[in-house]
Amino acid sequence: MTETTNNYAEVLYELGISEEAVRDTKEIFKSVPKVKELLENPVVAFSQKERVISRIFPGEIQNFLKVVCRHHKIDKIEEIIEAYKSYSLKKKNILKAVLYYVTEPGEEQKAGIRKFLAGEFSADEVQLVLIEKKELIGGFVLQAGGREFDWSLLGRYRNLKQKLTRR
């Protein structure tokens, strides 16, 4: 994400626009791609774009979208919304983590992983996204806060192979 998208995301968050309005806006852009095309089109007058925004999008986010449109950044709206989600989690001290596994961990194991990550990253809460990945052979890989914790058999195999080839 660029600095520009991050700046727009921070403004969106600081405006206090509800997460529901942001989610609805994302869904509108996703389900009706022609709306984005129209708002990106430099031939369409800004007054027409304002009317479209006023008719389609939730009231509390309309002014934000008009500013983004006026500054010709509507092509980055998906990135802005993703950056908004990340910024929102960061402000709430919630860590988002991805767990790649071969065998899905039980509730007790998930709780242990959350506790480990909360301590490691000083987070109040941890959101775990679980993704099955059979090619790990066994174990799991955990990604959070720009770091990776690899406790998989595939990862251990790669480490062993690397050590042996260095000799």
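Reply: Happy to! Let's begin with pairing: two strands pair if DSSP finds at least two bridges between them. Keep in mind that this is a predicted model.

Me: How do you know that β1 and β2 pair?

Reply: Strand β1 (residues 94-101) and strand β2 (residues 125-132) are joined by eight bridges. The cut-off is at least two, so they count as paired. They run parallel, and L99 has L130 in β2 as its bridge partner. Together with helix α7 (residues 107-121), β1 and β2 make a right-handed β-α-β unit.

Me: What makes β3 a partner of β1 as well?

Reply: The same test works here: β1 and strand β3 (residues 139-144) share five bridges against a cut-off of at least two, so they pair, in the antiparallel sense. In β3, F140 is the bridge partner of Y101. β3 and β4 form a hairpin with two residues between them, and G145 in the turn has a positive phi of about 55 degrees.

Me: Why is the contact of K92 with E19 called a salt bridge?

Reply: The closest N and O atoms of K92 and E19 are 2.3 Å apart. The limit is within 4 Å for a Lys nitrogen and a Glu carboxyl oxygen, so the pair qualifies. The structure holds eleven salt bridges.

Key:
Residues are numbered from 1 along each chain as its sequence is written. This is a predicted model: local features need pLDDT of at least 70, side-chain atom pairs count only at pLDDT 80 or more; totals for chains, interfaces and linings use all residues. Side-chain values use heavy atoms; hydrogens and water are left out. Helices (H or I, at least four residues) and strands (E, at least two) are DSSP runs, numbered from the N terminus. A crossover is right-handed if, with the strands pointing away from the viewer, the path from the first strand over the helix to the second runs clockwise. A salt bridge is a side-chain nitrogen of Lys or Arg within 4 Å of a carboxyl oxygen of Asp or Glu.
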